[in-house]
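Please open the model in the viewer and keep the selection panel at hand. The tour begins with a pair of helices and then turns to the ligand.

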Amino acid sequence: MSRICDVVVAGGSIAGLTFASEAAKRGLSVIVAEEHPEVGEPEKCDGLVSLRGLRKYGYPPEGAAVQDQITSAILHSPSGKRLAVNASALDVVVLDRSAYDKQVEAAASAAGAKVTTGSRVGDVHEKVDSVSVKVGTEDVQAKFLVDATGPASSPRRGILPAAKYEVEGDWIRQHVVEVFLDAEKYPGYFAWVIPFGKHRAKVGAAGYGVSPFRALDRFLEGRSTTVLRKVSAPIYVGGPAQSFVRGRRVYVGESAGQVKPTTAGGIMTSVAGGVAAAKWVSSSILEGRPPLVERYQKEWEGDFLKEMKAMMRLRGVFEKLSNHDLEAVFSVLAAPRLVKKLSQTDFDFHASALLGSLGMPGLLRVARVVASAEVRSILLER
Ligand SMILES: Cc1cc2nc3c(=O)[nH]c(=O)nc-3n(C[C@H](O)[C@H](O)[C@H](O)COP(=O)(O)OP(=O)(O)OC[C@H]3O[C@@H](n4cnc5c(N)ncnc54)[C@H](O)[C@@H]3O)c2cc1C
């Protein structure tokens, strides 16, 4: 005899758990299978996120899940120029992702979802109006499988290996995020420092064709540091998937590419994915109208597609910049009027905000210093 439920969720991280919580609140029977023995572990994410977005989708972090409040961001150019942006109005915090995921797990369980850990989703057989799923050693029949397995299923292009350490050092500034740009050391990406308390930070590095661990070790040379923990994890910058729904499979979070192509931030956009998917999977099942599930993608795209496209265009430009170009772009961005505008922007919609703040004059100045087809295409669209 196999078990029966409305939805099996593969992956008990932020997207899968948000989906489960929302779908169970709407009256669906939901089983979440997480392959690791504990939700939130092993923790790989740095947890930098805007509270605005999490509040909007109904999942603000509570208590100890917030490790730090960010008040400024410093960008470093390859030659060591600094661009400091006041971030105190942006409502950006650093989460303890493990604690946050456990908070959402508790919400899902309280709503009636069954969260099982140490339980891997294996073979999946789709039928016309249902799906048969191997959960651990058990066979489960469901109306939908929600795939929230993260980078394991995300679109292949746009995956970068990243190295991340949790470290202690007196050079770390609490409340200050730092980003180090260098097209030779971190091609197509950057090194980062995200504080989580006094003299503690999550530091990382990634880049196309480089060893991220070697790049990170070099970054830490000369900075007196104690390494507390090392993590190797892929980050995804390839943009949203073409289809979030394929037959009886619904993709949420990173498996649907719901991640910012500029920073690889995916917490808020994955929560939004879980909420939208739960709404339309529930309507589809409860109203007996399977095609309603397709509206999930439209709803998520309504909130994010324009920004994701702007981020993809910025990424296209960024990946082609040499260190010389980066220095030139720094001088354009350093205009006091622009720095002020950036401090009032929306953290989650930073690409549209940046392009809007630059305006035509700023873009023309960038086009003068960076001869790239991508910059010209941004100009032509405006
Ligand atoms: C180094 C690093 C730093 C990051 N920093 C930030 C940041 O600062 N801010 C931000 O917004 N985003 C950040 N991100 C991105 C963010 O972590 C992800 O976008 C987000 O966690 C995606 O959530 P998800 O639920 O879709 O997938 P994941 O969090 O990847 O979770 C997928 C889950 O599925 C489980 N799973 C996989 N296969 C199976 C299976 N067959 N059966 C059962 N379970 C399975 C996995 O064990 C995992 O728990 C970072 C990512 C990395 C790698």
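Select helices H5 (residues 267-286) and H6 (residues 295-318), which pack at an angle of about 155° with their axes 7 Å apart; they are therefore roughly antiparallel to each other (an angle over 145 degrees, taken between N-to-C directions of axes fitted to C-alpha atoms over the stretch in contact, on a scale from 0 to 180 degrees). Helices are DSSP runs of H or I with at least four residues, and strands are E runs of at least two, numbered from the N terminus. This is a predicted model, in which local features need pLDDT of at least 70 and side-chain atom pairs pLDDT 80 or more, while totals for chains, interfaces and linings use all residues. Residues are numbered from 1 along each chain as its sequence is written, and side-chain values use heavy atoms, with hydrogens and water left out.

Next, display the side of H5 that meets H6: among its contact residues are Gly273, Ala276 and Trp280, and H6 contributes residues including Tyr296, Trp300 and Phe304 (contact: heavy atoms within 4.5 Å).

Now select the ligand. Of the 32 residues around the ligand, Ser13, Glu34, Lys44, Leu48 and Glu254 come nearest (near: a heavy atom within 4 Å). A polar side-chain atom of Ser13 is 2.6 Å from a ligand oxygen atom, and a polar backbone atom of Gly266 lies 2.9 Å from a ligand nitrogen atom.

Finally, colour the elements that give two or more residues to this shell: helix H1 (14-25), strand E3 (30-34), strand E18 (226-236) and H5. E18 gives the most, with 3 residues.

Terms used: Angles under 35 degrees count as roughly parallel, over 145 as roughly antiparallel, 65 to 115 as roughly perpendicular and the rest as oblique. A polar contact is a pair of N or O atoms within 3.5 Å; within protein, one must be able to donate a hydrogen and the other to accept it, and residues adjacent in sequence count only if both atoms are side-chain atoms.
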